[in-house]
Amino acid sequence: MLGGKMGVILHGGAGGFLSEEDCNVKEPYLKEALDAAWGALSSGDSGERAVVAALKVLEGCEYFDAGYGSFPNEHGNVFLDVALMRGNGDFISLMNVRRLRYPSQLALDMFRPGRSLQRVWTERLQRGVEASDDQLKERYGFARTEEEMISPYAVEANRRHRQKVSKGTGTVGCVVRDKEGRIFAGTSTGGTPNKPDGRIGDSPIVGAGVFADDEICGLSATGHGETILKSMVSGMVVASVRQAMRNQSELLESSLRKILADELDEMSRKYPNAEAGIVLIPQSGPPVYAFSAETMC
Ligand code: ASP
């Protein structure tokens, strides 16, 4: 979506085969999330609130690999990663969060202007949420038991993934540019299906799964986290956008699309079969996306 300087783009994951049925169930939630972010921006809310408004819609829905719909890991437990970043450089990143349907809300509440923080979830933090009042628990979608975090769709998607039929569900991300031209990005995930205990992918890593710089662009990535990390595809995209801005007075949509496609192609050339997708909003110009995967939504 684009209006004046304002822009919103979001995704619900890339990779694997998605049936028409999968797409149909997801589409209304993606639209709702888009409207939530756009509505927040239009009513003058901050960019990070707009991003979280969108992420929460998708985290609360079982059809996405974030919050409630997250893939269980190899032991059947859900561990969540989330990161939010402002284009002035402030960020918050939380890893291995437990039993919260809206981890992005907690990240937003822990976000402090002028501070950047990358943090692994601990027993102490978990106890803090458990000891909080009902209102706060509701705000974060606190699940009393592990089972409450396991959605039927995610269990089925895990099964289909094991049988190599389809992945079915994906990480969620949103990037916005507010009316002052400031950029904000956020990514939330349950990680890869059946992931090893304690595994962290690209999603909560600044410069990999999420990035924002008011002078260049903001992005959210999705796909095979280890490949996104080792190829540095997101960093390569940002560097290429910056270089293109130096060479051209106005960045064309086609140039941005080409940058994304070229960097994803380079990633796939080096690491075949790895799937990824990126949504991006430049400092000025329209939101763009590209993916090197069978599907992205
Ligand atoms: N990138 C995420 C991870 O590796 C998974 C995904 O986007 O589907 O944790």
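Across the whole of this predicted model, a search finds 3 aromatic pairs. One of them joins Tyr289 and Phe291 in a stacked arrangement, with 6.4 Å from centre to centre and 10 degrees between the planes. Ring pairs also link Tyr29, Tyr63 and Tyr153 into a cluster.

**Aromatic rings and their surroundings**

**Charges over rings**

- Arg98 lies over the face of Phe79, at 4.2 Å from the centre of the ring.
- The ring of Tyr68 has the charged end of Arg101 sitting over it, 4.2 Å from the ring centre.

**Nonpolar cores**

- The largest nonpolar core comprises 44 residues, and those with the most contacts inside it are Leu84, Leu94, Cys174 and Val176.
- Both helices and strands give two or more residues to this core, including helix H1 (20–42), helix H2 (47–59), strand S3 (80–86), strand S4 (91–97) and strand S6 (172–177).
- Helix H2 supplies the largest share of this core, namely 7 residues.
- Apart from this core lies another one, of 38 residues, which has Ile9, Ala208, Ile216 and Cys217 among its members.

**The surroundings of Leu84**

- When neighbours within four places in sequence are left aside, Leu84 is in contact with a set of residues that includes Val51, Val52 and Leu55, as well as Phe91, Ile92, Ala107, Leu108 and Phe111.
- Asp90, Ser104, Ala185 and Gly186 are also among the residues in contact with Leu84.

Conventions: Residues are numbered from 1 along each chain as its sequence is written. This is a predicted model: local features need pLDDT of at least 70, side-chain atom pairs count only at pLDDT 80 or more; totals for chains, interfaces and linings use all residues. Side-chain values use heavy atoms; hydrogens and water are left out. Rings of Phe, Tyr and Trp (its six-membered ring) pair if their centres lie within 6.5 Å; planes under 30 degrees apart count as stacked, over 60 as edge-to-face and the rest as tilted. A charge sits over a ring if NZ of Lys or CZ of Arg is within 6 Å of the ring centre and within 35 degrees of the ring normal. A nonpolar core is a set of buried Ala, Val, Leu, Ile, Met, Phe, Trp, Tyr and Cys residues joined through side-chain atoms within 4.5 Å. Buried means under 20% relative accessible area, exposed over 50%, partly exposed in between (1.4 Å probe, protein chains only). Helices (H or I, at least four residues) and strands (E, at least two) are DSSP runs, numbered from the N terminus. Contact means heavy atoms within 4.5 Å.
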